[in-house]
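Dear colleague,

I am passing the structure on to you with this message, and my notes on it come directly after. Please read them with the model open beside you.

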Amino acid sequence: MVGKSLLLCCLIFPGTFATSGSFWHITDLHWDKNYKVENGKKVTCESSNGNQAYQGGPYGSHACDSPWKLIQSCVNAMKKILPDPDFIVWTGDDTPHVEDAKLSEEKVRQIIANITELIQGVFPNTKVYSALGNHDYHPKNQLPGHENQMYNKTAQLWVKWLEPKSVKTFNKGGYYTEKLLNKTGFRMLVLNTNLYYKQNLETEKDEDPANQFAWADEVLTKAAQDKEKVYVIGHVPPGMFEKRRGHSWFRPDFNKRYQELIEKHHAVILGQFFGHHHTDAFRMFYNSKGVPISTMFLSPGVTPWETTLPDVINGANNPGIRIFEYDTESLLVQDVVTYYLNLSRANMGKIKWEKEYRLTESFQVADASPTSMHQVLEGISRDNCRLQQYYRFNSVNFDLSQCGPPCRASHVCSAREVDYQRYERCMVKEAAPAALQGAPLGVLAVAVSLSFAFAWP
Ligand SMILES: *[C@@H]1O[C@H](CO)[C@@H](O)[C@H](O)[C@H]1NC(C)=O
Ligand SMILES: *[C@@H]1O[C@H](CO)[C@@H](O)[C@H](O)[C@H]1NC(C)=O
Ligand SMILES: *[C@@H]1O[C@H](CO)[C@@H](O)[C@H](O)[C@H]1NC(C)=O
Ligand SMILES: *[C@@H]1O[C@H](CO)[C@@H](O)[C@H](O)[C@H]1NC(C)=O
Ligand SMILES: [Zn+2]
Ligand SMILES: [Zn+2]
């Protein structure tokens, strides 16, 4: 009897995985056409801002954006590791970090065209959902909140991947929505969040650039009526950059509005997938009772380029790509598997995109649901070993140094609080008393005057 039920159990068990699917997420390829290696070692590139290109070689340097060889190697590795994904999510930033004067509308278009052609050549029958990055426009960051010929031209490059009605909304504002894999009950929402970027002067005075918030609200409201489940993808994320204290991307009102959109519609949103940081991180969304309701996954970039933002130490990464495993019935994100190229080893001739980690194994959680990701965050916040592990993954095995108290506070608070004010409060709470120097001056002044008030009543 026991043997029989065991057998039955084993026969049925594989069935529970039958609904498992997987997709690739790649982001921030940043191709530098002018990357050159002389005599096998001397590297020059346009994206290094005059910095010495250290640890360079044919596959790239942390001072520079990606050479073509790295991008090719990345797409070929994807084909080798998971040749037949259900779909590919590609969240933008294809051009190098150079002054606008070195690019043009046509140069930007040509770079996007080359990478599109590469992906289409290697994955001719795979559906790709492609979002614009702040570098996929000329001049960079200035994506307009209205119709524009660069939107038209990019839509033409991606026309094989787009339904005709997607081309229409893309031409209007660089966004679109389609049924996920054309299946009833499942939806992909592709946003152009570059419209909310502080550095975008085109949208500075708009309340709702390109009407995207109103449109997304409508799409998600209808999705709920139609009992659909939705994935949201985009490039620039809301919230804070974990590697620089208090550094955010969205204008404050847009940051609020994005949170409201997610809070209102979280029941149909099963995952958010973004890029732009070039790091491996995630952002939690909670309801007013503190219940985790949604997670935004920030996937690492392919470019190994070290950020030029002031005060960021070790701001580079190894090239990373990742597979999301999901339940094709519920769209629940089951697991996240990150692959990477050890750049210094690749430059010594050992070109191997290897598994870096599997989320459920490394963080001992059941899946990648908001509840599980909340547990991951609590682990990072409480346990120094978990924090160090997360910190190593954050730079894709590039920065192996210790993440001390100010670093811990910055990473924990940026993952926990997308809201700017709550992030500041979190920073004060998490940093005190070990690292009061991290607190904003205003808060310190209040604390000091309060303590005087109490000392001399
Ligand atoms: C990019 O596309 C142009 C025009 O089709 C082509 O001439 C060039 O060889 C391509 N470059 C790469 C690296 O594929
Ligand atoms: C973009 O394409 C649409 C047709 O899809 C056309 O009506 C519109 O004039 C084009 N806009 C620009 C700025 O080229
Ligand atoms: C999507 O599905 C509809 C019917 O459900 C079909 O008419 C249409 O051709 C499909 N589109 C694609 C791109 O497969
Ligand atoms: C990457 O490769 C270099 C050179 O072989 C090695 O020293 C380093 O430990 C490797 N990094 C990781 C994380 O394996
Ligand atoms: Zn980028
Ligand atoms: Zn970006």
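The notes below take up the metal site, then a strand and its neighbours, and then the cavities.

This is a predicted model, in which local features need pLDDT of at least 70 and side-chain atom pairs count only at pLDDT 80 or more, while totals for chains, interfaces and linings use all residues. Residues are numbered from 1 along each chain as its sequence is written, chains are lettered from A and ligands numbered from 1 in the order in which they are written, and side-chain values use heavy atoms, with hydrogens and water left out.

The zinc ion (ligand 5) is held by Asp28 (OD), His30 (NE2), Asp93 (OD) and His278 (NE2), at 2.0 to 2.3 Å; donors here are N, O and S atoms within 2.8 Å of the metal (3.2 Å for Na, K and Ca), and since water is not among the atoms, sites may look incomplete. The angles between these four donor atoms run from 88 to 173°, which makes the arrangement irregular (four donors are tetrahedral if all angles lie between 85 and 135 degrees; four are square planar and six octahedral if opposite donors are over 155 degrees apart and all others between 65 and 115; anything else is irregular). Along the sequence the donor residues follow the spacing D-x1-H-x62-D-x184-H. Aspartate 93 also bridges to the zinc ion (ligand 6), which lies 3.5 Å from the zinc ion (ligand 5). Both histidine 30 and histidine 278 are buried, that is, under 20% relative accessible area, where exposed is over 50% and partly exposed in between (1.4 Å probe, protein chains only).

In strand S4 (residues 87-90), Phe87 and Val89 point one way and Ile88 and Trp90 the other, and all are buried; strands (E, at least two residues) and helices (H or I, at least four) are DSSP runs, numbered from the N terminus. S1 and S4 run parallel and are joined by four bridges, with isoleucine 26 opposite tryptophan 90; strands pair if DSSP finds at least two bridges between them. S4 also pairs in the parallel sense with strand S5 (residues 128-130), over three bridges, and there tryptophan 90 stands opposite serine 130.

Three cavities of 30 Å³ or more were counted, a cavity being a set of points on a 1 Å grid over the protein atoms alone where a 1.4 Å probe fits but cannot get out, with lining residues having an atom within 4 Å of a point.

Best regards

Terms used:
1 Å grid on protein atoms, 1.4 Å probe; cavity = no way out; pocket = protein on both sides within 12 Å on 5 of 7 lines; lining within 4 Å. Points joined across faces, edges and corners; volume = space filled by probe spheres on them.
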